[in-house]
Amino acid sequence: MSALIPQFVVNIFNAMLAYFYTLPDWFQYLTITTWKILFVTIGVILIVAFSTYFERKVIGRMQSRVGPNRVGPFGLGQPFADVIKLVIKEVVVPSQSSRFLFVIAPLLSLIPALATWAVIPLNDWYVIADINAGLLYVLALTSVGVYGVILAGWATNSKYALLGAMRSAAQIVAYEIAMGFALVGVLMAGGSLNLGDLVLAQAGGVSQWFLIPLFPLFVVYWISGVAETNRAPFDVAEGESEIVAGFHVEYSGVAFALFFLAEYANMVLISTLTAIFFLGGWASPFEGLSFLAPLADVPVIGLLVTGGLHWLFAKMCIFMYTFFWFRATFPRYRYDQIMRLGWKIFIPVTIIWIAVEGAMAWFQIGPWSGLSA
């Protein structure tokens, strides 16, 4: 590396770094936190942009169609073409709408999806806010996003939009309860509200992941997450064939783009949270294999043995692919089927499995093995 970078550049960087550490502590903290926020926010937005590309490619392959292949090499410029198109389109505000709520509704959907990343650990040292009540923070902010959908449906003064908003509100309430109960099981297994501690509780390989003892809760949380993001087959809030796009039917241009961005940002968020809660987050699945330990210092190959952002990203990509797979495969459920699944199946399953967890903790089985009585 020293041969690639001129020595005077290295000297300037070291001098700037030495000067930075002479500044007041509050300024150092503010600067470092700002850079962390920028890194996470830009990273999430880029993932969202290219998720739209890969979704069309994946669905096109599954349905024997050609995905985007005209803008840039292999169509990789398509997300940027979409952004330019949405930015230059006119934003039309209905004359009989509530203008303030019409404008603020997309922000209420997007901001919680981005703000939740403040407590998500990307590896063992990179987290914007390492707070002890991180799980409660996640629950609070993921519940706020529904207000953007409801206000969008109400503020536009459109019957189709209002119907979509009411559908979404009832759906999110039903599946939010199921997700909350599922996270109670994660809290019981991890013994902490801190997301970093939950990951450390699963360190040691696949055998330590909460996926195994909490598999029913994993299924409930993941499917509820798909319903929370209004993705197919739970997209009755948008229901193009029934209510002409639902709650965002009157939105165009940048305002529609914010809803679009919020939906995909929530997909990335749910995928990442599922990986953290049940698949060990940034921890490597091979950590418990002692015969692989000597490979930890080997370049490239050592990444398979050691945990880090690459493992969290890989697990997130698996769940993102599942989102696309669901959309290409399953037809939209009827509204009564969605409500029945949430209220009559998922919630009872989570309550029963929490009781099973209590018995496992009492008899010291699974994550509770080795604990003193």
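In the predicted model, Phe-278 touches Val-186, Gln-202, Trp-209, Phe-210, Leu-211, Leu-214, Leu-217, Phe-218 and Tyr-221, residues up to four places away in sequence being left out of the count; contact denotes heavy atoms within 4.5 Å. Residues are numbered from 1 along each chain as its sequence is written, and side-chain values use heavy atoms, without hydrogens and water. Because the model is predicted, local features require pLDDT of at least 70 and side-chain atom pairs pLDDT 80 or more, whereas totals for chains, interfaces and linings use all residues.

Phe-278 is, together with Leu-195, Tyr-221 and Phe-277, among the residues that touch the most other members of the largest nonpolar core, which has 64 residues. Such a core is a set of buried Ala, Val, Leu, Ile, Met, Phe, Trp, Tyr and Cys residues joined through side-chain atoms within 4.5 Å, buried meaning under 20% relative accessible area with a 1.4 Å probe and protein chains only. Elements giving two or more residues to this core include α2, α8 (215-228), α12 and α13 (335-362); helices are DSSP runs of H or I with at least four residues. The largest share, eleven residues, comes from α10. A second, separate core of eleven residues includes Ala-105, Val-149, Ala-237 and Ala-255.

Helices α2 (residues 25-62) and α12 (residues 309-329) pack at an angle of about 50 degrees, with their axes 9 Å apart; axes are lines fitted to C-alpha atoms over the stretch in contact, and angles run from 0 to 180 degrees between N-to-C directions. The contact involves, among others, Phe-54 and Ile-59 of α2 and Phe-313 and Trp-325 of α12.

Terms used
Buried < 20%, exposed > 50% of the residue type's maximum accessible area, 1.4 Å probe, protein only.
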